[in-house]
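Please open the model in your viewer and keep the sequence panel beside it. The stops below can be selected one after another.

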Amino acid sequence: MSRLLHLLGLLGLIIGPAQALDLTGHRIVDLTHAYNADTLYWPTSPSRFELKTLAEGHTPGGWFYSSYAVCTPEHGGTHLDAPHHFAEAGITAEKIPLENLIAPAIVIDLSAQAARDPDYQLQRQDVLDFEGTYGAIPAGAVVLLRTGWSRRWPDAKAYLGDDTAGDASRLSFPSYGEEAARLLVEERGVAVLGVDTASIDPGNSKDFRVHRVAAARDVPGLENLTGLEQLPVRGATLIALPMKIEGGSGGPVRVVALVPERSSVSGSAPMAEKRPFTVVAEAGNREDEYYWLRDDTRSDPDVLAYLQAENAHVDAMLLHTRGLQESLYEEIVARIKQDDASVPVLDDGWWYYSRYETGQERPIYARREGSMDAPEQVMLDLNQLAEGHGFYQVANWEVAPDNRLLAWAEDSVGRRQYTIRFKDLVSGEVLADRIENAEAGLAWAADSRTLIYVEKDPQTLLGLKVRKHVLGTDPAEDALVYEQDDESFYTGVGKTSDDRYLLIQAESTVSSEIRYAEASDPELNFRVFLPRERDHEYQADHVDGRWIIRSNWQARNFRLMEAADGQTDDRSAWREVIGHREDAFINDFAIFRDFLAVDERSGGLRKLRIRRWAGGEDYYVDSDDPTYAFELGSNPSVDSTTLRYTYESMTTPLSTFDLDMATGERTLLKREPVLGDFDATRYASEYLWATARDGTRVPVSVVYRQNTPRDGTAPLFQYAYGSYGSSTDPFFSRTWLSLLDRGFVVAIAHVRGGQEMGRSWYENGKLLAKRNTFNDFVDVTRFLVAGQYVDPARVFAQGGSAGGLLMGVIANEAPGDYRGIIAQVPFVDAVTTMLDESIPLTTNEFDEWGNPTDKIYYDYILSYSPYDNIQAQDYPAMLVTTGLWDSQVQYFEPAKWVARLRDRKTDQNPLLFRTTMQAGHGGKSGRFERYRELAEVYAFILDQAGLTQ
């Protein structure tokens, strides 16, 4: 639509038959600062706003009369810069066509970057990322850059960065960058550039390049705007009417926007096209009218347009919560100690740690030799490495035995297809060697020149080939060390705690196999530790000529065994170290020369058990809360008599301790800081037992403020995962404080499918017993409601990935129990995915879900698959999220699910679908970026709960 047609269409919308203005379905937002004595001007402006009274009062004739003389520079306050301001032949203020000033508005949110860097300039990549999320910026649009700076008005120093009169050399505020401006003006053909700062050039600009780029194309600028947070990303119409100053290079301007109300926006939710498609299976064919939303290339214009439309719909529907989102984000970030650092770990004479700098998104990995007083050596600065990438993550790094060379695995897409790179830590040189499409696991041989890694299959993303890379050689020629021939296994590499052996670990859902080689062997001849055997899982570590083995051989909850060198493949020669117990599950262990530390679960909680090899009574580390979790920390030295571990509860932030294993004395090294007015004594936690419908007692961890009433009026936020034997421990969350402080009860349902209560807890929540997971979750909700912990009308549920499957099932089967559901990267199209072995993870997961080529599993999975069981019924309010590059749960599962839900559901509750276009399964990679996403989720919940402050 041309700009003129847009204007005519708008006029037709708001002017009825009697020519009266009808704004039904719209609201007017004023984007203008009022002119007064505090109005801000450019520091070198020769004058300020002046309002001179000419007359004020009653005349001799008895009527009231007032008149004033106004003086203001044309470039002060909220104003328009005409192109003539910076282009000799540019049009002056009165010649700017009205259709340029009444046009569709596009809002680019730069507030997150601006919060970190007051001199941030909008980059070309920022614009491209925006278009990837919301679609192309149309020609003739008005682009409005939102930095959040208008909140600083009229504090000149805060707004401009410097309040020295007459001096513009030290100004500091964000705005457009030159290349981004060229893209918008020259390639996209936008009509106007607007910003909520003092200039479309950033404050530190010396030559006004953005103004010159815009003026050269007769594009005016709107500066010192306010209220941009009240506008949707797209969908509003801007009306900017400057004073008609003939020959002027600018002028004061009144800027307003027409914004569609939520009621009109909700009726325009995206409706995906239906295209007939049959999913063929031996056990039964199914019709999938939205199968076309699957695009493995992530480039189909129709698919991208649909995802972009859904993103714009989320923004429009949650626009009224924008202020709440900002408040939530600010309060969450305010709890973070921005210049924080991890507790240093001593390894082979070097102290290793990570740290953050104030305002930075990503960590710096560093070390010091011998002492923390020694000079710092920065190994990796992820802030520098991430420059130019919408997503960036380092999943693993390993220092070679010579303490000089570093290998790290990075991902700049979010697909978990890692690139392995190398650095000389002494010279600082990044080596030319570069290994693409690998797993994150790394293991150095003793020569500090040879590294083993796992190569991924480019389609299924399974790690199938272990290769050996020698520095300085072509990675394309890397020797094959081992090839996995069973696609139900995951493959990884590692090293024993004493650094003597390199390991190749193959694990499926139900069995394991380890290969090991002397790290000093130039040939790296790997031997099988014990051949794989169905239903036998084991892990092994080595110290002082013996192997310690965690095994479930004749021990469902695992036991610890010992084997001498050379006897690993003879199970009859293994000796029991810690026996099997029905009431305790061995989760992990750490070995030392003199001690053994065991991470075990009993009563649903995670504990630490210490044993001295020389004999004596085992003992457990003390806990301080009713519901809690211990975890083994980083313990790189087998010679140590000190155990590093962490402890947390729902009221105690993550705490790092050193334990003297000989005396039992523990030393608190660090408790994660929670800034602000956090006081743990204001909160209470409980460990409860809910009875499920089959009589099983299900543990529940809950937390709430001490002053939260127990009368059935508190809203509930309930979380669970419940798959793969992955237990959800009662952890501390500084972000949950934003819910707790608004009166929520937060609950973790330890449902079957995890391993909180031992191996049987897992086995009774998978395959043909999977429904127990879903039933447990709903029964926990009903237990909390019946106990008057919570308000039945304000119950919210959240789960992600396999926990998103849980959300999909309860939405179908118990919609009346929930006011809102948040399903993050949800696995909701279970039958289709498990039938397709080209999709990453499918073949590894047959022992978790069942293989649907077998009709008994096909029918069972089909009975609960969320996508296949959508009904014509009322559903709760729902917010669904995904990442375009997700390799664990492909984006098209939730995309199809939402499309079919929207077509079939009978309610008017919001159904919102957010796709992060530059991320994968874990969402955005920056530490602050992720809180933007979380603030949106919490704002959605609070809005539905009627708590908007």
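The tour goes from a helix to a sheet and then to a helix pair.

The model is predicted, so that local features need pLDDT of at least 70 and side-chain atom pairs count only at pLDDT 80 or more, whereas totals for chains, interfaces and linings use all residues. Residues are numbered from 1 along each chain as its sequence is written, and side-chain values use heavy atoms, with hydrogens and water left out.

Select residues 124-134, helix α4; helices (H or I, at least four residues) and strands (E, at least two) are DSSP runs numbered from the N terminus. Its buried residues (under 20% relative accessible area, 1.4 Å probe, protein chains only) are Asp126, Val127, Asp129, Phe130, Glu131, Thr133 and Tyr134. Just after α4, look at Gly135, which takes a positive phi of about 95°.

Next, display the open sheet of four strands, ordered β31-β32-β33-β34 with antiparallel pairing, where two strands pair if DSSP finds at least two bridges between them. Because β31 (538-543) and β34 (575-578) stand at the edges with a single partner strand each, one side of each has no neighbour in the sheet. Within β33 (residues 559-564), which three bridges join to the antiparallel β34, pick Leu560, whose bridge partner in β34 is Ile578.

Finally, select helix α9 (residues 301-317) and helix α19 (residues 892-904), which pack at about 65° with axes 12 Å apart; axes are lines fitted to C-alpha atoms over the stretch in contact, and angles run from 0 to 180 degrees between N-to-C directions. The contact (heavy atoms within 4.5 Å) is made by Tyr306, Leu307, Glu310 and His313 of α9 and by Ala895, Val898, Ala899 and Arg902 of α19.

Note on methods
Buried < 20%, exposed > 50% of the residue type's maximum accessible area, 1.4 Å probe, protein only.
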